[in-house]
Amino acid sequence: MKIKSLTALIALLFITCTKENNNRISDTNTSNLITQDDTPVPLNDLGTGTFMGYEGGLYPNGINVASGTYATDLLKKSRSIQPIDTFGNQSASGQIVFISIGGSTGGHNMKLLRMKTIGNPATNPALKLFNCNNGSGEASLANIMDTTNDYWNHITESIKGSRSSYRQVQVIYLETDDSNTYVEWPGRPLEVKEKIESCLRVFKQKFQNIKIVYVLGRTRTFGSKAIWNREPSPYYFGWSCKWAIEDQINGVPGTKYKGKKAVAPMLAWGFYQWADSLPRTTDGFYWRSSETADGLHANLDGEDTLSTRFQKFLLTDKYAKKWYAAP
């Protein structure tokens, strides 16, 4: 009996150590599959369920819609987005400038969204969309946080080239990588959350009339070489977005979005993009390698899928449609 007990104890210790090791994803992991004990589930499907001990849902308490004071504030912010001139003054002949900032994946999405917005009778004619993204690792969160980085020269050139001004920008779509090689849970998403919040503070400094920044997370990736573009990093990015929003909801210092002492624009979810090959239970969306050109960037069909989903969100979301949809 004692031998059996000792054997069982050794087996239990082995299983425990194996689980602990599986929860630590090293930089040398070449698989595009997440090998942790907890299977990754899209945040909106996870709901009140947990991943590695953390509750899902796009917003707190496992829900996928804004609620409470945050929802009231989001409605006010959305309604406040009106056409303004290059000096930031409200004007019937002004524009609602909506830009994208970040890397190449978000840039491709914005390019298609812009095409689907211009001349569309369903959209607000005052809208002016343009792409300030830059690929090749030139527009990571670290680059955006640094106001002296050359990427900000690219943003300035894009804005001036579109005959707009920093004062006209009221909405930003943020999607990029973080160039972070640290992958452990929950350390990585917590670090990236801090970077997102730093970017928000920079946006508040740069764009004096900024109201809302939309995040979509990232799509699932397949076989990417760079650690920040390889799973589970893109999946974790969605958690970073979720937690940054929760910090604003909870009034964490450095995230205040309203009042005279506001230091950041409001952060909100757009269309959440991470999905696996099986349709999500919440909305039927899925993402497969066949919709990518290289496992990371969407191909033409994938670009159409993502931009269509994003536009549908902007046209139907009870908050976003206040400024994006035709009056």
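Let's start with aspartate 276, which is partly exposed because its relative accessible area is 27% (buried is under 20%, exposed is over 50%, and partly exposed lies in between, using a 1.4 Å probe and protein chains only). Arginine 220, at 7% relative accessibility, counts as buried. Their side chains meet in a salt bridge, with 3.2 Å from N to O (a salt bridge is a side-chain nitrogen of Lys or Arg within 4 Å of a carboxyl oxygen of Asp or Glu). This pair links distant parts of the chain, 56 residues apart: arginine 220 sits in the loop between strand E6 (212-215) and helix H8 (233-249), and aspartate 276 in the loop between strand E7 (266-269) and helix H9 (300-316).

A quick word on what you're looking at: this is a predicted model, in which local features need pLDDT of at least 70 and side-chain atom pairs count only at pLDDT 80 or more, while totals for chains, interfaces and linings use all residues. Residues are numbered from 1 along each chain as its sequence is written, and side-chain values use heavy atoms, with hydrogens and water left out.

## The chain as a whole

The protein chain has ten helices and seven strands (these are DSSP runs, H or I of at least four residues for helices and E of at least two for strands, numbered from the N terminus). Of its 327 residues, 53% count as buried.

Take the contacts in the protein chain with a separation of 6 or more: 70% of them come from residues 24 or more positions apart (contact means heavy atoms within 4.5 Å).

## More salt bridges

The structure holds nine salt bridges. Another of them joins the side chains of aspartate 283 and arginine 280, at 2.8 Å from N to O. Arginine 280 is buried, with a relative accessible area of 3%, whereas aspartate 283 is partly exposed at 31%.

There's also a network of salt bridges linking Lys193, Glu194 and Asp247. Within it, glutamate 194 pairs with lysine 193, and their closest N and O atoms are 3.3 Å apart. Glutamate 194 is partly exposed at 41% relative accessibility, but lysine 193 is buried at 10%.

## Two helix pairs

Two packed helices are described by the angle between their axes and the distance between the axes. Helix H7 (residues 187-206) and H8 pack at about 55 degrees, with axes 8 Å apart (axes are lines fitted to C-alpha atoms, for helices over the stretch in contact, and angles run from 0 to 180 degrees between N-to-C directions). H7 and H8 are therefore oblique to each other (under 35 degrees is roughly parallel, over 145 roughly antiparallel, 65 to 115 roughly perpendicular, and the rest oblique). On the H7 side, the contact includes Lys193, Ile196 and Leu200, and on the H8 side Trp239, Trp243 and Asp247 are among the residues involved. By class, the residues of this contact divide into eleven nonpolar, three polar and four charged (Ala, Val, Leu, Ile, Met, Phe, Trp, Tyr, Cys and Pro are nonpolar; Asp, Glu, Lys and Arg are charged; the others, Gly among them, are polar).

Now for H4 (residues 104-117) and H9: their axes come within 9 Å and cross at roughly 60 degrees. That makes H4 oblique to H9. Among the residues that meet here are Asn109, Leu112 and Leu113 in H4, and Leu306, Phe310 and Leu314 in H9. The contact of H4 with H9 has five nonpolar, six polar and four charged residues.

## A buried leucine

Leucine 216 has its place in the loop between E6 and H8, and it is buried, with a relative accessible area of 0%. Leaving aside neighbours within four places in sequence, leucine 216 is in contact with several residues, including Asn109, Tyr173, Trp269 and Phe310. Tryptophan 269 is 53 residues away along the chain from leucine 216, and their C-alpha atoms are separated by 6.1 Å.

## Backbone details in the loops

Keep an eye out for cis peptide bonds. One runs from tryptophan 185 to proline 186, with omega near 0 degrees, and proline 186 lies in the loop between strand E5 (169-175) and H7. Another runs from glutamate 231 to proline 232, with omega near 15 degrees; proline 232 is in the loop between E6 and H8.

Positive phi values turn up too. Arginine 163, a residue other than glycine, has phi near 60 degrees. Arginine 163 is in the loop between helix H6 (151-161) and E5 and is exposed, with a relative accessible area of 75%. For serine 179, phi is near 55 degrees; this serine 179 lies in the loop between E5 and H7 and is partly exposed at 32%.
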